[in-house]
Amino acid sequence: MDHSGGTSANIQASLAGRYATALFELARDSKAIDAVEKSMSAVAKAVGESADLKALTSNPVLTRADAKKAIAAVAKAMKLDPLSAKTLGVLAENRRLGETVSVARAYTALAAAHRGEVTAEVTSAHTLTAAQMKALSAKLKARVGSDVAIQTKVDPSLLGGMTVRIGSQMIDNSIKTRLNTLAAAMKG
């Protein structure tokens with residue numbers, strides 16, 4: 001049974017989604033869905049934590065050849081699976097390394113949909129604690145009726161609260177939005 005119909009249609013609409021979809025199909029055919037997911041998650045995390053890797057993925061003046069060489073070295077050092085390494089090479093070749101994190105996120109969503117999981121993208125002002133993650137997971141499970149895989153992002157501009165996106169449904173409980181709404185009402 002394929003639950004991914006709506007999810008994959010949404011994902012394929014974006015540039016990063018097209019790369020992620022191609023990667024997912026190759027991974028599925030090679031029975032490497034989990035290995036690729038692990039690699040792509042590791043890369044996304046590394047881009048967030050390493051200034052050098054972030055610079056590599058966002059440097060517009062780097063030549064294609066240098067970008068490919070550098071990303072190949074990163075892939076080798078991180079012991080990424082061959083499909084992920086090849087995908088990063090293609091991103092470098094097409095001057096799309098800036099899409100790396102988006103491709104990784106889209107891939108994770110496709111893999112989760114393939115397993116029949118629902119993925120929620122949660123953006124909060126601060127990193128969530130283990131206790132907050134557990135409480136959020138329980139709330140989302142009650143709302144959706146099944147286990148929910150949670151992808152987190154931090155956006156300090158939210159000030160507090162969080163936004164949660166499940167598929168096309170957006171739940172916005174951020175202080176930033178509440179303040180904007182209040183400001184608009186006061187202008188009224």
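User: What should I know about the model before we start?
Analyst: This is a predicted model, in which local features need pLDDT of at least 70 and side-chain atom pairs count only at pLDDT 80 or more, while totals for chains, interfaces and linings use all residues. Residues are numbered from 1 along each chain as its sequence is written, and side-chain values use heavy atoms, with hydrogens and water left out.

User: How do you know how many helices and strands the protein chain has?
Analyst: Helices are DSSP runs of H or I with at least four residues, strands are runs of E with at least two, and both are numbered from the N terminus. By that rule the protein chain has nine helices and four strands. Read from the N terminus, their order is α-α-α-α-α-α-α-β-α-β-β-β-α.

User: What makes the four strands a sheet, and in what order do they stand?
Analyst: Two strands pair if DSSP finds at least two bridges between them. Take β1 (residues 118-124) and β3 (residues 161-166): five bridges join them, and they run antiparallel. Five set against a cut-off of at least two means that β1 and β3 count as paired. Within this pair, Ser 124 stands opposite Met 162 in β3. The four strands form an open sheet with mixed pairing, in the order β2-β1-β3-β4.

User: Why are β2 and β4 called edge strands?
Analyst: β2 (148-154) and β4 (169-174) each have a single partner strand, so one side of each is left without a neighbour in the sheet. From one strand to the next, the twist averages 15°.

User: Which strands does helix α8 touch as it packs on the sheet?
Analyst: Helix α8 (residues 130-144) touches β1, β2, β3 and β4. Touching rests on contact, which is heavy atoms within 4.5 Å. The direction of α8 makes about 130° with that of β2. Helix α9 (residues 175-187) also packs on the sheet, touching β3 and β4, and its direction makes about 80° with that of β4. For such angles, axes are lines fitted to C-alpha atoms, for helices over the stretch in contact, and the angles run from 0 to 180 degrees between N-to-C directions.

User: Why is Thr 108 called buried?
Analyst: Buried means under 20% relative accessible area, exposed means over 50%, and partly exposed lies in between, using a 1.4 Å probe and protein chains only. Thr 108 has 15%, so it is buried. This residue lies in helix α7 (residues 100-114). Apart from neighbours within four places in sequence, Thr 108 contacts Glu 37, Ser 41 and Gln 151.

User: What makes Ser 39 buried or exposed?
Analyst: With a relative accessible area of 7%, Ser 39 falls under the cut-off and therefore counts as buried. Ser 39 is found in helix α3, and beyond its neighbours within four places it is in contact with Leu 80, Asp 81 and Ser 84.
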